[in-house]
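Q: I'd like to learn how to read a few features of a structure like this one. Can you walk me through them?

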Amino acid sequence: VTVIPAHTTALEILAEAPDGLFVSNGPGDPSAVEKAAKEILAVTEEGVPVFGICLGHQLIARAFGARTFKLPFGHHGANHPVRALDRNQVEITSQNHGFAVEVDEDGSIPGAPDLRVTHVNLYDGTLEGFKHTSRPVFSVQYHPESAPGPHDSRYLFEQFIEFMEDRSERS
C-alpha cells in the first residue's frame, strides 16, 4: 500500500502502475476538493480499479458529474441500516459524514448517467453506494469496517481485490 497526498496528479499515480486506487474518507465539504474530480476521472479512464469510501465516495461521484449537498443532520455513529440492492441484504454500518450525493426519486443519480445506485440508507433514503456501469469503479458512503465490529461489508474489499486481479491478468 502506498499512501499519496490529495494533491497527487493522475500522471503521478499512473506512473506508479497501481493495481488500484482507494479514495479514502476525510473531513469536509467535497466541493472544496476541486482538483480531485479531474484526477480521479483520468485514473479511471486508464482502467485502474477505484474504490471510495465516505469523502472518497463523494469525490468519485462528483468526478462523474454528480452533485453533493449538505445534510440537515449528518450521519454519525454506528448501527445505520443500509440496503445493499445487488445483494438484497441490509448491512449495519458505521457513518461519519455531513454531506451526501444527490439521487432522484427514480433511483438515478442526476448528472451521472454512468453511475448505478447500489446502496440506500434506510433511515432517510440517501445514496449510500454506487457502481460505474462499465468501469471497475465503485464506492460507499459509509465506513465498511472489517474488524472490530460488524463484518457485513467485508465483501466490498474482496470486490476491489477482484477488480485489481482482473486488471493484472489483462496486463
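Q: Let's begin with leucine 71: is this residue buried or exposed?

A: Keep in mind that we are looking at a predicted model. Buried here means under 20% relative accessible area. Leucine 71 has a relative accessible area of 6%, so it is buried. You'll find leucine 71 in strand 3, residues 68-84.

Q: How far apart are leucine 71 and glycine 98 in sequence and in space?

A: They are 27 residues apart in sequence, and their C-alpha atoms are 5.5 Å apart in space.

Q: How do I read aromatic rings, and how many aromatic pairs does a search of the whole structure find?

A: A pair of aromatic rings is described by the distance of the centres and the angle of the planes. The search turns up eight aromatic pairs. One of them joins phenylalanine 22 and phenylalanine 51, edge-to-face, with 5.2 Å centre to centre and 80 degrees between the planes. Phenylalanine 22 belongs to strand 1 (residues 21-23) and phenylalanine 51 to strand 2 (residues 50-53), so this pair ties together parts 29 residues apart in sequence. As for accessibility, phenylalanine 22 is partly exposed at 35%, while phenylalanine 51 is buried at 0%.

Q: Which parts does the pair of phenylalanine 138 and phenylalanine 160 tie together?

A: Take the geometry to begin with: that pair is edge-to-face too, at 6.4 Å centre to centre and 65 degrees between the planes. Phenylalanine 138 sits in strand 7 (residues 137-140) and phenylalanine 160 in helix 4 (residues 154-170), so parts 22 residues apart in sequence are tied together. Phenylalanine 138 is buried at 2% relative accessibility, and phenylalanine 160 is buried at 8%. Zoom out, and ring pairs link Phe22, Phe51, Phe138, Phe157, Phe160 and Phe163 into a cluster.

Q: Which ring does the charged end of arginine 87 sit over?

A: That's the ring of tyrosine 155, with the charged end 3.6 Å from its centre. You can look for a lysine case as well: lysine 70 lies over the face of phenylalanine 99, 5.2 Å from the ring centre.

Q: Which residues of helix 4 are buried?

A: The general idea is that an α-helix has 3.6 residues a turn, so residues three or four places apart point the same way. In helix 4, the buried ones include Tyr155, Leu156, Gln159, Phe160, Phe163 and Met164. You can check the length too: at 1.5 Å a residue, the 17 residues of helix 4 should span 24 Å, and the end C-alpha atoms are 25 Å apart, which agrees.

Q: What should I look at in the largest pocket, and how many residues line it?

A: The largest pocket holds about 950 Å³ of space. Its lining has 30 residues, with Thr2, Ile4, Leu21, Phe22 and Val23 nearest the centre. Strand 1, helix 2 (36-45), helix 3 (55-63) and helix 4 each give at least two lining residues, and helix 2 has the largest share, with four. By class, the lining has 19 nonpolar, seven polar and four charged residues.

Q: Where is cysteine 54, in terms of strands and helices?

A: Look in the loop between strand 2 and helix 3. Cysteine 54 is buried, with a relative accessible area of 2%. Asparagine 88 also has a positive phi, near 50 degrees, but asparagine 88 is exposed, at 61%. Asparagine 88 is in the loop between strand 3 and strand 4 (89-101).

Notes: Residues are numbered from 1 along each chain as its sequence is written. This is a predicted model: local features need pLDDT of at least 70, side-chain atom pairs count only at pLDDT 80 or more; totals for chains, interfaces and linings use all residues. Side-chain values use heavy atoms; hydrogens and water are left out. Rings of Phe, Tyr and Trp (its six-membered ring) pair if their centres lie within 6.5 Å; planes under 30 degrees apart count as stacked, over 60 as edge-to-face and the rest as tilted. Buried means under 20% relative accessible area, exposed over 50%, partly exposed in between (1.4 Å probe, protein chains only). A charge sits over a ring if NZ of Lys or CZ of Arg is within 6 Å of the ring centre and within 35 degrees of the ring normal. The expected span of a helix is 1.5 Å times one less than its number of residues. On a 1 Å grid over the protein atoms alone, a cavity is a set of points where a 1.4 Å probe fits but cannot get out, and a pocket is an open set with protein on both sides within 12 Å along at least five of seven lines; lining residues have an atom within 4 Å of a point. Grid points are joined across faces, edges and corners, and a volume is the space filled by probe spheres set on the points. Ala, Val, Leu, Ile, Met, Phe, Trp, Tyr, Cys and Pro count as nonpolar, Asp, Glu, Lys and Arg as charged, and the others, Gly among them, as polar.
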